[in-house]
Amino acid sequence: MALGKNSRGEGRNVSNYCSTVSVAVFVAFCLVGIWIVMSSIVPIQNSVMQVSETINEVKSIASENGSKQFEDRSGDIPEESTRQDSQIHKSQSESHQENQDDQKGIEVSDNTAEDNQQEVVKDSSDDRKSDKSINDNKLGTEKSMGEVTQQDEMVGETEEEKIKKKLHSKTIQISGESSMGSHENSPISNEVFITGTESETWIEASTENETRSTQAAELQHEKESQKSSISIDRSTYDWKLCNTSTGSEYIPCLDNWQAIRKLRSISHYEHRERHCPDEAPTCLVSLPEGYRSPIKWPQSREMIWYNNAPHTKLVEVKGHQNWVKVNGEYLTFPGGGTQFKHGALHYIEFIQKSLPNIAWGKRSRVILDVGCGVASFGGYLFEKDVLTMSFAPKDVHEAQVQFALERGIPATLGVMGTKRLPFPGSVFDLVHCARCRVPWHLEGGKLLLELNRVLRPGGYFVWSATPVYQKDPEDVGIWKAMSEVTKSMCWDLVVIAKDKLNGVAAAIYRKPTDNECYNRRSKNEPPICNESDDPNTAWNISLQACMHKVPEGASERGSIWPEQWPLRLEKPPYWLNSQVGVYGRSAPVEFTADYKHWINVLRHSYLNGMGINWSSVRNVMDMRAVYGGFAAALKTLKLNVWVMNVVPIDSPDTLPIIYERGIFGIYHDWCESFSTYPRSYDLLHADSLFSTLKERCNIVAVVAEVDRMLRPEGYLVIRDNVETIEEIESIAKSLHWDIRFTYSKLGEGLLCIQKTFWRPTKVETVMSAIA
């Protein structure tokens, strides 16, 4: 029993001992845990306290890293494609090493999985995978550029403030809050990846400090955008070829035979005007048999492939006037025209000598050529640094505008009919008509009044036609009627000059620069337009038989002639000084910032690394031009292209600004087909366009229209939100287009795709286009 007692007693003592040991161990673990927590917090607190001591070092290192990182390829495109998320998750040991780096002030950044999702790059021109850190894959501009410093000052955020923000975000994260770390080392304000949205353009233009959203908010927005992104595989779309009466030359809004047959009259060329189908077509236009990539400019001005525009009617009708000839597998263009069969260059010099004040390429920079034929006049005016908007209808002069575009000369389809031309008022420096077959004198000069609307005050109208120099009864009657109309419009007949070589003559008129003559007229015919009639309202507007008063106020557009070319390209127009810009800031400041922005984008991304062969690019369209900065930058960088700047009808009206700077453009509604032949353009550019179109247009029909306008091997460059970029990329893949480059970051994306020669085998009959 004693043993038994002892045993039971020993058992109780062991139990007490174990309890004591357990308490001691628990306390020890608590102390160790506290020590671990404290050791992980103190370094960050210390690093925050040492910010002022390490800023200079960080700035120096950041500057060195930045110059190395972006000196070769800054802008939209990083040097290497980023790694996949699965490849960049960090281990605890890597995170610990990152904390040590933070203490040294070398890099204050959290490269978490969420950060890595913000930047995705694909470049089909280079399939090599990078082994570099993700921090080598950031956007930015070259540190050597003066614009960078200016942009930093504009945003008003110093390097010190950026470092503090990054340290602050890391401290919050370690404290257990949900805030994410900074996305990258390089300053966001220095990036060239700007989509043209409000929050981007006016930030560049700002001279004040602005409050920007935090990195955490941006990352959260990006995650939400990714969740709602559209993913569509190729099988979603069932592409078919358009079966139409015009085949490979189908133009939906000009070949709507159902609408044309219902017209009550065609006496005012109503059948040559736009009549769009109720639903925009989603089929694809076929290629002509034997189609080849166009001949490059400037050789294309003299010859094109016959199979690309296989028409000979003009050869038969106009060959003796040197419009166009057939030469084996080519169509050749000797440079002649109805009024200048001995060549456009001589005719251009003749006009200059007749009135030296025209001053080609200086005073007269942007002109309109009515009834342009094959546009040789505009094609040879490039040698005088003159930009010509050539237009003609789709009529019996078979394929004349198609020939012009295939040659690399600006042209569009249009007619002087019952509607206003799709241009603003008072924008063309000169208007030209060489036997353009327009009855200017009829109906009180109604069509001539439309020219008066688009002609700049003080601008010239050059009329080279038989009534000027021939004396048969019909021509004499037309000349008399024309004289009465121009006098009532207060146009001055400046000179009538004879071209002996071509056996023609031209009458040159000048539009008044004030309202004095209007006020002196004994009869108010043609009448002055109502003040409510905006001369810039031109899309689908009926012609008005009236004249708008000439602006005379010092701050009104049109009261002063623009700066001589090329100064007008870069200098904000005088009449912008009192206006608010598209993004809510001073218009001149936005104008300048937009111009600098596009120069940076072109230099640092578009011209290198995106897979665009610029030597094959001649005809360019900016589908949402805003200030025309993209086209202006292309001109400044001396690319051998011309740009059709489009201002959508639901966008702010900036087209007068574009003309004022010496480039041109047109109004358009992208829910409808554009007035051009298929395969007209080498490159289409769309900045923040498709995301807005999705709200009111069939986006598949818009892409089908892009396919129609774009030549095989042509490029489409899109800058938009990630959701839209992904949707367009999916559609492009279904079209068998090549994805040349994609990039996305913080909810915004950049996409460069190239059209191929692929055409579907299925066919869809477009009933409205069957003659």
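Which two residues form a disulfide with their sulfur atoms 2.1 Å apart? Cys490 and Cys517 do. The legends below describe close-up views of a predicted model.

**View 1. The disulfide of Cys490 and Cys517 bridges a loop and a helix.** The sulfur atoms of the two cysteines lie 2.1 Å apart. The link is left-handed, with -85 degrees about the S-S bond. It joins distant parts of the chain, 27 residues apart. Cys490 sits in the loop between α17 (473-488) and β11 (492-499). Cys517 belongs to helix α18 (residues 516-520). Cys490 is buried, at 4% relative accessible area. Cys517 is partly exposed, at 23%.

**View 2. Cys253 and Cys276 form a right-handed disulfide.** Their sulfur atoms are 2.0 Å apart. The angle about the S-S bond is 110 degrees. Both partners lie in loops, and the pair links distant parts of the chain, 23 residues apart. Cys253 is in the loop between β2 (241-243) and α10 (257-261). Cys276 is in the loop between α10 and β3 (303-305). With a relative accessible area of 1%, Cys253 counts as buried because the cut-off is under 20%. Cys276 has 24% and is partly exposed.

**View 3. A disulfide joins Cys671 to Cys697.** The S to S distance is 1.8 Å. The bond is left-handed, with -70 degrees about S-S. Cys671 lies in the loop between β15 (665-668) and β16 (681-687), and Cys697 in the loop between α23 (690-693) and α24, so the pair ties together parts 26 residues apart in sequence. Cys671 is partly exposed, with a relative accessible area of 22%. Cys697 is buried, with 12%.

**View 4. The whole structure holds 6 disulfides.** With the bonded cysteines numbered in sequence order, the pairing runs 1-4, 2-3, 5-6, 7-8, 9-10, 11-12. Cys372 is buried, with a relative accessible area of 9%. Cys752 is buried too, with 0%.

**View 5. The largest nonpolar core has 126 residues.** Leu368, Trp440 and Phe461 touch the most other members. Helix α24 (residues 699-709) gives the most to this core, with 7 residues. In soluble globular proteins, nonpolar side chains tend to be buried together.

**View 6. Trp440 and its contacts.** Which residues does Trp440 touch, not counting residues up to four places away in sequence? They are Val370, Met416, Cys433, Gly445, Leu447, Leu448, Leu451, Phe461, Trp463 and Met482. Among these, Phe461 is itself one of the core residues that touch the most other members.

**View 7. Leu735 is a buried loop residue.** Leu735 lies in the loop between α25 (722-734) and β18 (738-745). Its relative accessibility is 0%. Leaving aside neighbours within four places in sequence, Leu735 is in contact with Trp239, Leu284, Val703, Thr756 and Trp758. Tyr237 is 498 residues from Leu735 in sequence. In space, the two are 8.6 Å apart, C-alpha to C-alpha.

Methods: Residues are numbered from 1 along each chain as its sequence is written. This is a predicted model: local features need pLDDT of at least 70, side-chain atom pairs count only at pLDDT 80 or more; totals for chains, interfaces and linings use all residues. Side-chain values use heavy atoms; hydrogens and water are left out. A nonpolar core is a set of buried Ala, Val, Leu, Ile, Met, Phe, Trp, Tyr and Cys residues joined through side-chain atoms within 4.5 Å. Buried means under 20% relative accessible area, exposed over 50%, partly exposed in between (1.4 Å probe, protein chains only). Helices (H or I, at least four residues) and strands (E, at least two) are DSSP runs, numbered from the N terminus. Contact means heavy atoms within 4.5 Å. A disulfide is a pair of cysteine sulfur atoms within 2.5 Å.
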